[in-house]
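Work through the following exercises with the sequence and the model at hand. Each task is followed by a solution in steps.

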Amino acid sequence: MEVKEMFNLARVPSILMLGLIYVAYVLVGGVIFWKLEGDLGRKDLSQLLLNKQRLLMTYSCLNQEGLEEVAQVVQEASKAGLSLKGNQTTDGFWKFTSSAVFAATVVTTIGYGNMSPSTTTGQIFCVFFALFGIPLNVVVLNRVGKYMLALERNVSDFLEGKSGRKGCTRFFVHLFCYICGTVLFFIMPMLVFQQQEGWTYSQAIYYCFITLSTIGFGDFVADNNPDKNYPDWYSVLMASWIFFGLAWLALLINHTIDILERLNALLKKGCCGEKTGDESESADNANPDTQMEDDDEIKKPPITQ
């Protein structure tokens with residue numbers, strides 16, 4: 001086998017093209033984030049240093065060591081979910097509802113990072129809980145996504161039978177499902193989070209996508225402010241939204257992957273062109289699968305009328 005045939009068999013040009021597109025996409029994103037957030041980050045650091053100096057000058061009895069101790073108390077209180085405003089006490093993060101939401105973020109691999117087990121037994125249990133819960137979550141979401149896709153196809157087939165227009169009907173059914181999913185899993189939660197958390201609309205829609213895509217930065221976390229009294233239904237609504245939203249977004253991402261693969265196939269077809277008859281014949285001779293199919297056809301007896 002020649003070197004050219006080996007590269008053609010391994011589809012190295014296609015892999016290199018995808019790799020270059022991937023690296024370029026990541027680098028361009030890094031440059032954009034650097035330009036958008038870099039200057040603001042430096043301004044925030046300068047402002048924090050000024051606030052620190054102002055605090056030390058205002059409270060002259062507080063030295064550097066005392067300031068570090070106060071910061072440590074604030075950090076520990078934030079991790080425990082306790083409010084420093086007033087003298088009232090709360091249950092912290094580890095209530096039943098917030099613990100159930102935490103378990104959902106573990107198996108869905110969202111991992112906000114705002115709360116985590118601190119005891120040794122809790123950390124060991126979290127490992128085994130995630131070890132079996134993550135595959136279970138993948139299986140369940142896969143089944144739910146397939147059910148949603150089957151329901152969409154059934155509606156599409158029913159409308160195609162009534163209208164007789166296959167491509168147009170399927171396109172509008174897909175579009176209608178995408179719009180309904182966007183309203184149900186992004187627009188309505190955005191309104192709820194804006195009311196309950198006091199976020200802006202841009203922050204709420206940002207949190208919706210970061211959560212459902214399982215990125216989970218943890219800069220915005222719902223049902224997490226110790227100074228707010230959330231209703232009992234809020235945690236249940238959040239868990240339901242996360243589960244069904246993950247299934248819908250996974251279905252949408254699969255559709256996007258299918259579109260990108262088709263574009264990749266079209267690009268390869270346009271760049272490489274159609275194979276000539278001699279090249280396709282030599283490729284078929286070099287392909288072991290084609291040879292096995294030919295052998296099977298030879299072994300089959302002729303069909304008699």
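Residues are classed by relative accessible area: buried means under 20%, exposed over 50%, and partly exposed in between, with a 1.4 Å probe and protein chains only. The model is a predicted one, in which local features need pLDDT of at least 70 and side-chain atom pairs count only at pLDDT 80 or more, while totals for chains, interfaces and linings use all residues. Residues are numbered from 1 along each chain as its sequence is written, and side-chain values use heavy atoms, with hydrogens and water left out.

**Exercise 1.** Describe the make-up of the protein chain by helices and strands.

Solution. Helices (H or I, at least four residues) and strands (E, at least two) are DSSP runs, numbered from the N terminus. The protein chain has 10 helices and 0 strands. In sequence order the pattern reads α-α-α-α-α-α-α-α-α-α. Of the 305 residues, 23% are buried.

**Exercise 2.** Characterise the packing of helix α4 against helix α5.

Solution. First, the geometry: axes are lines fitted to C-alpha atoms, for helices over the stretch in contact, and angles run from 0 to 180 degrees between N-to-C directions. Helix α4 (residues 96-107) and helix α5 (residues 120-163) meet at about 65°, and their axes are 8 Å apart. Therefore α4 is roughly perpendicular to α5, a class that covers 65 to 115 degrees (under 35 is roughly parallel, over 145 roughly antiparallel, the rest oblique).
Second, the residues: contact means heavy atoms within 4.5 Å. A103, V106 and V107 of α4 meet C126, F129, A130, G133, I134 and N137 of α5.

**Exercise 3.** Which residues does R170 touch, not counting residues up to four places away in sequence?

Solution. Locate R170 in helix α6 (residues 166-197). Its relative accessibility is 26%, so R170 counts as partly exposed. The residues R170 touches are R153, S156, D157 and E160. For E160, the separation from R170 is 10 residues in sequence and 7.6 Å from C-alpha to C-alpha.

**Exercise 4.** Compare the record with the model for residues 171-192 and 233-253.

Solution. An unreviewed UniProt entry gives the feature "transmembrane region" at five spans, 12-34, 124-144, 171-192, 204-221 and 233-253; such annotations may be inferred rather than shown by experiment. In the model, residues 171-192 are 100% helix and 0% strand, with end C-alpha atoms 31 Å apart. Residues 233-253 are also 100% helix and 0% strand, with 29 Å between the end C-alpha atoms.
Finally, take I253, which lies in helix α8. I253 is partly exposed, with a relative accessible area of 42%. Its C-alpha atom is 9.4 Å from that of S213, 40 residues away along the chain.
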